[in-house]
Amino acid sequence: MNSKEIFEVIVSNLRDILPEIEHEPIEYGSRLCLLGTGSVGRAELIEKTLEDLEIEANRFEFHAAANLGELAEMFTQRVNAKSA
């Protein structure tokens with residue numbers, strides 16, 4: 001999977017977790033805190049995305065992402081490492 005595909009998985013999961021943002025524009029530079037996601041929502045998003053991508057990783061390393069684009073890149077690196 002490429003970064004764009006993984007970003008779409010993240011956005012889908014985010015909309016599941018926060019249905020109130022269903023019609024909000026979400027971009028690579030979008031920050032979770034500005035979308036209304038607290039630490040619990042962020043943890044749930046990371047967990048759900050890890051499950052969807054079928055990868056094992058330390059969940060805490062993904063908390064360093066400043067925005068959704070960085071989060072997608074971090075997941076992309078993990079997916080690529082898994083398939084290498």
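View 1. Phenylalanine 62 is buried, its relative accessible area being 0%, where buried means under 20% relative accessible area, exposed over 50% and partly exposed in between, with a 1.4 Å probe and protein chains only. Phenylalanine 75 is likewise buried, with a relative accessible area of 0%. This is a predicted model, in which local features need pLDDT of at least 70 and side-chain atom pairs count only at pLDDT 80 or more, whereas totals for chains, interfaces and linings use all residues. Residues are numbered from 1 along each chain as its sequence is written, and side-chain values use heavy atoms, with hydrogens and water left out.

**View 2. Aromatic pairs.** Rings of Phe, Tyr and Trp (its six-membered ring) pair if their centres lie within 6.5 Å, and planes under 30 degrees apart count as stacked, over 60 as edge-to-face and the rest as tilted. By this rule there are two aromatic pairs. In one of them, the ring centres of phenylalanine 7 and tyrosine 28 are 4.3 Å apart and the planes stand at 10°, so the pair is stacked. Phenylalanine 7 belongs to helix H1 (residues 3-17) and tyrosine 28 to the loop between H1 and helix H2 (39-53), so this pair ties together parts that are 21 residues apart in sequence; helices (H or I, at least four residues) and strands (E, at least two) are DSSP runs, numbered from the N terminus. Phenylalanine 7 is buried, with a relative accessible area of 5%, while tyrosine 28 is partly exposed, with a relative accessible area of 36%. The rings of phenylalanine 62 and phenylalanine 75 have centres 4.3 Å apart and planes at 15°, so this pair is stacked as well. Phenylalanine 62 sits in the loop between H2 and helix H3 (68-83) and phenylalanine 75 in helix H3, so the pair ties together parts that are 13 residues apart in sequence.

**View 3. Surroundings of lysine 48.** Lysine 48 lies in helix H2 and is partly exposed, with a relative accessible area of 28%. Apart from neighbours within four places in sequence, lysine 48 is in contact with Asn13 and Asp16, contact meaning heavy atoms within 4.5 Å. Leucine 14 is 34 residues away from lysine 48 along the chain, and their C-alpha atoms are separated by 9.3 Å.

**View 4. The whole chain as context for the close-ups.** The protein chain has three helices and zero strands, and its elements run α-α-α from the N terminus on. Its C-alpha atoms fill a box of roughly 40 × 20 × 20 Å along the principal axes. The radius of gyration is 12 Å, which agrees with the value near 12 Å for a compact globule of 84 residues; the radius is taken over C-alpha atoms, and the globule rule is 2.2 Å times the number of residues to the power 0.38. Of the 84 residues in the protein chain, 40% are buried, and among contacts with a separation of 6 or more, 54% come from residues 24 or more positions apart.
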